[in-house]
Every structure is written in C-alpha cells, then in structure tokens.
Amino acid sequence: MREPGGPVNDATAAEEPRGDRAAGAAGRPATIHTPVLATEALGLLAVGPGMTVVDGTLGGGGHTRLLLDAVGPTGLVIACDRDHAAIERAAAELAGRPVRLAHANFCDLPEVLDAVGVPAVDAVLLDIGLSSDQLADHERGFSFESDGPLDLRFDTSEGEPAWRLVARLRPESLADILHQFGEERYGRRIARRIVDARERDPIRTARQFARVVTAAVPRQHPPPRIHPAMRSFQALRIAVNQELQSLSIALERIPQRLRPGGRLAVISFHSLEDRIVKQAFLGAQTWERLTRSPVEAGPEETVRNPRSRSAKLRAARRIG
Ligand SMILES: C[S@@+](CC[C@H](N)C(=O)[O-])C[C@H]1O[C@@H](n2cnc3c(N)ncnc32)[C@H](O)[C@@H]1O
C-alpha cells in the first residue's frame, strides 16, 4: 500500500480502440453493470453536441455510452479506469465511436489529457467505487462468497493485494483501517480475531475473510440489512486502492483542466467520499454548486437497481 501523500499512479497511456483488441476480447462477457443516476448526472453536466467530456470511471461503459450519444459524432469522450478489464471490454465494444480510452487513475487526469492532446474539457463525471462486473469476477475477491484470492485491487498491476495486508498488518493497524474506512464499530474485535485466525491458517480467500469477520461480529436482532462483513470488505478495498486519496487529489486537479463554466459531477456510495466531495465544492473561489444537498435515486430506480440505494450525486460548475 502506498503511504498517504505518496506519489500517484503515473500510468497514463491513452489509446484508441483497435480492431485486434476487439477480436481478442470477443470472448469477454458483456457488462452486467447498470449505471446509476444516469439521467440526473447527464442533466447536471449539461453535455451537448460537439463537447469534449471525461468519464473518469468507465466501468461497464454505461455512462460513457450516454455521454457519447450526448456529444454526438463531432464530440469526444475520454474515458479512464484503473481496471484493465474495463478498458479491454470498452476497446472492443466502443470501436469506431469518438472515444479515447486510458488505463489510468482519474487523479492523473491532467496527464491523460496531455497524452491525447486535449488542453481542457467541458465536463467530467466520476462514478466512484466498485462495478457489478468487478463484484461478479470471483478471481478478484470482491464478493463474500468468492473462493478466489482476497485481492480487492482495481488495478492488479500495482500495489498490494488485500490478503497480504491481512497477513502482515499488526492488529492496531488493521483495526484502524476497519474503523476509519469501514466505520466498523467492532474494528478492534474483528482485528483480534483476524490475527488469531491467521496464526492457525493463512487467510487467502474472500470467503475465509468473510467467515472470520462474521464470527467476530456480535449477532444482532433483528439481523441487519447488510452482510456482517460488508464494512470490513469496504474498508480493506478503500485501503488497498487508496480511494479517498485519489478522490481528494482528483478534486484538487480537475479544475485546472475544466473550461470556465465547465461542470463536474461525482456519484459516491460512501459517506466518507460524499463528505470529501461536499467539502471540495464549498470552495467558492473555484466552484458554483449545482446541488445543495446530494441527489439520490428515486423509488423506481432503487427497485430496478438496488445498488443505487446508497448513491449520492453532487455537481458543481467551475467559476470562470
Ligand atoms: C461504479 S463503477 C463505474 C460504472 C460506470 N459508470 C458504468 O456506467 O458502467 C466504478 C469504476 O471506477 C473505477 N475506479 C475506481 N476508482 C478509480 C480511480 N481512482 N481512477 C480510475 N478508475 C477508478 C473502478 O475500477 C470501476 O470500474
């Protein structure tokens, strides 16, 4: 894991979709991710024909496709993701459309734009967190029932997999991660159980980790709506990907590359992330807020796509 304040990812290669990649990815399963708050986000971004816009979190490409439709054939969408699988899928599926893809962290947006020769853009969308495709990939360890390694990295080419953190961290550091990034009230207790369990048998898979955490959390009546290990998974994922750090850096750097009047919309799924976005948009020298309180999914969307229940959308306009 990189230390807080350490160097950011410098992988910024931007690439055009290529025919040979499309052929190579032919066997890749289609995305199962449904974009959240799509109409609301597109509306707040006010994207129109001919614009140049960024989707900082490509994922399954749902928002990217809507942005492509909105900018039309004379516009351009630059889409990044830390996950190679997302880039490969989009390279195959979006070939021929006005899109440039970058395997990059959105906090490196200025470098991505330099690589494609774009000085400034009209709008940026960040839909942060985890995609349903990542959750369904049992080799990545995002799901509690996965027998694959507890990896939890968005970009498996850098950093440290979660199982290694679980194997090496002292109980105090583990408890801090669970408490700080998962807001887990039983953090110390879970950390002690992890240390006891790993002495008997190394914790390598997501299922093993979920079992240890579940056994450490007191039973509640009535049972809570969320899985007892949900907060611990979230905490580890945020830690291995340094997610809060990437978001803070991105919010500082994006205004440098937004045209005056350009718009930024951020969809987050975690109270810590929403707090960071809310704070950033209070910077009255830089931003005019377009949302006082966050926009949330309505009843129709939450029924259709339960994942949207915890989504919060905030948007702001760069002051000229
Ligand atoms: C919620 S999904 C995005 C879904 C997408 N909007 C769609 O409609 O399919 C989040 C995606 O952001 C990526 N991601 C998370 N943090 C990132 C970061 N700092 N930089 C770039 N991509 C990131 C994840 O790998 C994941 O694919």
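Me: What do buried, partly exposed and exposed mean for a residue?

Reply: Buried means under 20% relative accessible area, exposed means over 50%, and partly exposed is in between, with a 1.4 Å probe and protein chains only. This is a predicted model, in which local features need pLDDT of at least 70 and side-chain atom pairs count only at pLDDT 80 or more, while totals for chains, interfaces and linings use all residues. Residues are numbered from 1 along each chain as its sequence is written, and side-chain values use heavy atoms, with hydrogens and water left out. Ser146 has a relative accessible area of 1%, so Ser146 is buried.

Me: Where does Ser146 lie?

Reply: Helices (H or I, at least four residues) and strands (E, at least two) are DSSP runs, numbered from the N terminus. Ser146 belongs to the loop that runs between helix 6 (132-136) and helix 7 (162-168).

Me: Which residues come nearest to the ligand?

Reply: A residue is near a molecule or strand if one of its heavy atoms lies within 4 Å of it. Around the ligand there are 25 residues, and His63, Asp81, Phe106, Asp127 and Gln134 come nearest. Asp81 places a polar side-chain atom 2.7 Å from a ligand oxygen atom. Phe106 has a backbone N or O atom 2.8 Å from a nitrogen atom of the ligand. At Gly61, a polar backbone atom is 3.2 Å from an oxygen atom of the ligand.

Me: How much of the ligand's accessible area does the protein cover?

Reply: Accessible areas come from the Shrake-Rupley method with a 1.4 Å probe; for residues, only the protein chains shown count as cover. On its own the ligand has 610 Å² of accessible area, and the protein covers 99% of that.

Me: How do the residues of the shell around the ligand divide?

Reply: Ala, Val, Leu, Ile, Met, Phe, Trp, Tyr, Cys and Pro count as nonpolar; Asp, Glu, Lys and Arg count as charged; the others, Gly among them, count as polar. The shell here has seven nonpolar, 13 polar and five charged residues.

Me: Which residues other than glycine have a positive phi?

Reply: Leu152 and Glu183 are among them. Phi of Leu152 is near 70 degrees, and Leu152 lies in the loop between helix 6 and helix 7. Its relative accessible area is 1%, so Leu152 is buried. Phi of Glu183 is near 50 degrees, and Glu183 sits in the loop between helix 8 (171-182) and helix 9 (187-200). With a relative accessible area of 36%, Glu183 is partly exposed.

Me: How far apart in space are Ala167 and Arg198?

Reply: Separation along the chain and separation in space are read side by side. Ala167 and Arg198 are 31 residues apart in sequence and 6.9 Å apart in space, C-alpha to C-alpha. Ala167 is in helix 7 and counts as partly exposed at 37% relative accessibility. For Leu67 and Arg225, 158 residues apart along the chain, the C-alpha atoms are separated by 34 Å. Leu67 lies in helix 3 (residues 62-71) and, at 0% relative accessibility, counts as buried.

Definitions and conventions: A polar contact is a pair of N or O atoms within 3.5 Å; within protein, one must be able to donate a hydrogen and the other to accept it, and residues adjacent in sequence count only if both atoms are side-chain atoms.
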